[in-house]
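Visitor: I've got a model open and I'd like to learn how to read it. Could you walk me through it feature by feature?

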Amino acid sequence: MDDRHLTGLVRRAQSGDVASFGELLDLYYATIYRIAFKWCGHRANAEDIAQQSCIKLAGSLAQFRFQAAFTSWLYQLVISCAQDWQRSQRRHEHDALPENEPPAEAARPEDYIYLAQLLEQLDELGEGMKETALLVHGEGLSHAEAAGILGVSESTISWRVHAMRKHMTKREPLMSGGT
Amino acid sequence: MRARSFEDLLRHTPPLPPDPHARLRARQAALAEFERVHAQTGEARAPIESGLFAKLLGAFRAGNPARPVTSRHMLLRGIATACVVVVAVSTVWLMPPGQRQFVRPPAPITTISQDRQEGDAKLTSEAAQPLETEGKTEVPNPPATTQPANEHKLRRDSAPRAPRTPTPLPAATGSPPQQAAPEEVVVDAERIHPQNMTSSAPIAAISQDVAPSAAGAPPPPASASTGGELEEVVVTRQSRVRSWIGSLFSHKEKSAPEASAPAPQAPSESGDKFQHFEINPVKRVADEPVSTFSVDVDTASYSFVRRRLNEGVLPQMDAVRVEEMINYFDYAWPTSESADQPFKATVTVSDSPWGEGKKLLHIGIKGYEVQSRERPDVNLVLLLDVSGSMDEPDKLPLAQQSMKLLLDTLKPTDTVAIVVYAGAAGQVLAPTPVADKETIVQALDSLQPGGSTAGAEGIRLAYQLAEKNFRKNGVNRILLATDGDFNVGITNRNQLKGFVEREREKGVYLSVLGFGEDNYRDDMAQTLAQNGNGVAAYIDTLNEARKVLVQESSASLFTIAKDVKLQVEFNPATVAEYRLVGYETRTLNREDFNNDKVDAGDVGSGHAVTAIYEITPVGSNAKLIDDRRYGAADKAAADTSGKAGEYGFLKIRYKLPHGLRSRLMEQPIRVDAGVPAALEKDVKFSTAVAGFGQLLRGSKYTGSLNFGDVMQEARGAVGDDPYGYRAEFLQLVRKAQEARGM
């Protein structure tokens, strides 16, 4: 969508126009949900995170100052919601894999199991790893963009990407096809 | 099908499409929040309060469903009411915990949406017994980092939440909330039906919706509704605190159901946590001839048992790990001569004192003793918990004393650093050579307990220091002293474990010293120490500190062999049944033995490790398991011709401290091995300890053995007892006898 339209929409929403905010939600729910899904690899949880993100967006849209791209800002918001959500879920200590869900057309059902396993591994790998993987690999952002969103230096992102690859190749292959 | 790289997987796995209802719900909730925020612009509220306000507003409106009011009018009234209620809530929170309960309505009301039952059932059951958490004053506050999560939870709860599946709530779910059973289901007072989603005044829609959905059950009175809201705020926060503690320290998921089984001996008021395990059963050689386990050099269990017995009560069963009791004592197993062959194994065969017709196989391992001149350099970081709960004579002061004892065993060139954690983590002492002992002692003495137990960056800081000062070819170790609050900065249990594991790979190891009781988290200490290639010890007295940190300092600091695994293959021609005494938490799968990736216990310099098997020789009538009618008994005999003089075959795998590949040691176990005269007392004494442990554990395999028999057996085997540990054991047996008599 064109930037001027977006800027106008955000400004109107910031000044309290409900209709504009609604439009903004309609435009960005898919993005929000996608980030959330790539964070947790699970549909129902992603819906939860997305809902919280939308609520948070309502409260904090006024703080958006147009200094960064709206999507970058949105990434930040969704990731922080997802982190909060994960903390609040800690009591479940889930070892369980996601329940069987109908797979999307393009992916094999087992991919979602792998994805969930992978996300869990990344989580154990240390702080910031999953976020980095989400942005760099999942969303295809550059290291600099990811650094801006996560508030760390670019070299940190590069290091994390390197460390992740090293760790992942060292492990037994996550998914061995062909058998 | 090709294996996908992880990058590819992340990039090209399309998200499963969201439920359109979820999208609508999110939209609705966000719009409601948006309207609320903009209605209040200029009033400059803190975000958490505004979340709370929304909830209270909702409650207020829900209480007046009959009166249609304009949105503006309602908001003004709502804010006024909300202010009053917020004051009330704050007052509740300022009140001492004991008096807080009176605001609670008779039955806890927790909103629960139908589709969330699985997850929220836990919440409800937690909410059903909130007093327990309330009453406990020692409950640590969640660390500052989780606070936003709590706030956010409140915020989230403030948003209307509709069921995920758009089926209307059946009236049957409106069962009387007075049944405070765990499976209690309460009508969601904030339910929105999808068909009302398009309403431009969503909050008004809620209030009108409550009545029809609860039509089958008596509608909740308006005032109770407000009370319910209050309740939920309170309960939510409690369950947060509770779940925070629970998740940090809870047993592994799989052991949780077992752990909830009543332990007859466990004093219920004790807050100490132990992992539950079942004792090893008797196994039939014909069915399962191979037994595999990892060594265990921990001694925490014995110290804990001693403490309880000294207090005149029997320890809870799960606190008794028989192998740790046996290994508490030093035995004179022959030792190896050089570091290259780090230990030697000794096998003895004797009659079982508690099972007629049965034999005991002792497998004794004694680690090579590192001579002081060849000791590697030590880079030690002490990580001390100085939270308020450590303010007891047997906690921080004992830890301080213990650390001073440890200093005496170090070389002048070794370094010690000190990091503390409580409200804030901090470096108290940069790595300082032991030659400058004065400074170290001063730093230790300056430590004061205080502050909340909110975690900080303690463990990270400690590892950072250890890495900065890393000694290649030396010993790099963190020594964590705590009374059980492992909220050392990383609050996610898996992350903490992963963190310790990664640091282990870098060469920094972790040992855990436990202090005090009631709050002691044995399970967590074990997990961390095992993952960090370290020892978990429980220190209850200065004597114990001396034993662990001085007499065994070289053992706990200098590892001579790591990932030590034992495997015994029994000979079906000579052994009918066997049972491994203890080591329940250390059993390995048969295939793990040759897999160098499977982590196992470590043996330190001079460590003695003893394992005992109870076997039933073929031909003995003490067998517990009958022969199989359709078993092929003679097949086994054919394979073992010429090996009739062997009970079995012992294999040991280990790695040298810096090695990556394991080495193998093996030897047959001879039927006529007997017990060498020099080892007679050690065999007898370790047998007595094993008997004692099994009695405390409530083992069903010890026949008519009683504490008196143990006493008799041990008394004759005290032998040379320079530090009086064995004499102390006799005292403990007597105390156990008295405690049981009561």
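Visitor: Let's begin with confidence: what is the mean pLDDT of chain B?

Guide: Keep in mind that this is a predicted model. Where pLDDT is low, the predicted coordinates should not be read in detail. Chain B has a mean pLDDT of 69, with 61% of its residues at 70 or more.

Visitor: Over which residues of chain B does pLDDT stay under 50?

Guide: One stretch is residues 42-269 of chain B, where the model has 296 contacts beyond four places in sequence. Another is residues 452-456 of chain B, with 28 such contacts. For the complex, the predictor reports an ipTM of 0.79 and a pTM of 0.48.

Visitor: On to strands. Which strands pair with strand 4 of chain B, and in what sense?

Guide: The general idea is that strands of a sheet pair through backbone hydrogen bonds, either parallel or antiparallel. Here, strand 3 (residues 343-351) of chain B pairs with strand 4 of chain B in the antiparallel sense, over 9 bridges. Strand 14 (residues 608-617) of chain B also runs antiparallel to strand 4 of chain B, and 8 bridges join them.

Visitor: How many residues of strand 4 of chain B are buried?

Guide: For strand 4 (residues 359-367) of chain B, 8 of the 9 residues are buried, so this strand is largely enclosed by the rest of the structure.

Visitor: What does B:Lys366 form a salt bridge with?

Guide: Side chains of opposite charge can pair when their charged atoms come close. The partner of B:Lys366 is B:Asp330, at 2.9 Å from N to O. B:Lys366 sits in strand 4 of chain B and B:Asp330 in the loop between helix 12 (322-326) and strand 3 of chain B, so this pair ties together parts that are 36 residues apart in sequence. B:Lys366 itself is buried, with a relative accessible area of 11%. There is also a network in which salt bridges with shared partners join B:Arg306, B:Asp540, B:Glu544 and B:Glu728.

Visitor: B:Arg284 and B:Asp287 form a salt bridge. Is each one buried or exposed, or in between?

Guide: Their closest N and O atoms are 2.9 Å apart. B:Arg284 is buried at a relative accessible area of 10%, while B:Asp287 is partly exposed at 46%. For another example, take B:Glu311 and B:Arg307, whose closest N and O atoms are 3.6 Å apart. B:Glu311 is partly exposed at 41% relative accessibility, and B:Arg307 is buried at 12%. Over all chains, the count comes to 31 salt bridges.

Visitor: What is the strand order in the open sheet of 6 strands?

Guide: In chain B the order is 7-6-5-8-9-10, with mixed pairing. Strand 7 (426-433) and strand 10 (536-539) of chain B stand at the edges with a single partner strand each, so one side of each has no neighbour in the sheet. Neighbouring strands of this sheet are turned by 20° against each other on average, direction ignored. Within it, strand 5 (residues 378-385) and strand 8 (residues 475-482) of chain B pair in the parallel sense over 7 bridges, and B:Val378 has B:Val475 as its bridge partner.

Visitor: Which strands does helix 14 of chain B touch?

Guide: Helix 14 (residues 437-445) of chain B packs on the sheet and touches strand 5, strand 6 and strand 7 of chain B, its direction making about 160° with that of strand 7 of chain B. Helix 13 (residues 396-407) of chain B lies across several strands, including strand 5 of chain B, to which it runs at about 170°.

How values were computed: Residues are numbered from 1 along each chain as its sequence is written. Chains are lettered from A and ligands numbered from 1 in the order in which they are written. This is a predicted model: local features need pLDDT of at least 70, side-chain atom pairs count only at pLDDT 80 or more; totals for chains, interfaces and linings use all residues. Side-chain values use heavy atoms; hydrogens and water are left out. pLDDT is the predictor's confidence in each residue, from 0 to 100. Contact means heavy atoms within 4.5 Å. Buried means under 20% relative accessible area, exposed over 50%, partly exposed in between (1.4 Å probe, protein chains only). Helices (H or I, at least four residues) and strands (E, at least two) are DSSP runs, numbered from the N terminus. Two strands pair if DSSP finds at least two bridges between them. A salt bridge is a side-chain nitrogen of Lys or Arg within 4 Å of a carboxyl oxygen of Asp or Glu. Axes are lines fitted to C-alpha atoms, for helices over the stretch in contact, and angles run from 0 to 180 degrees between N-to-C directions.
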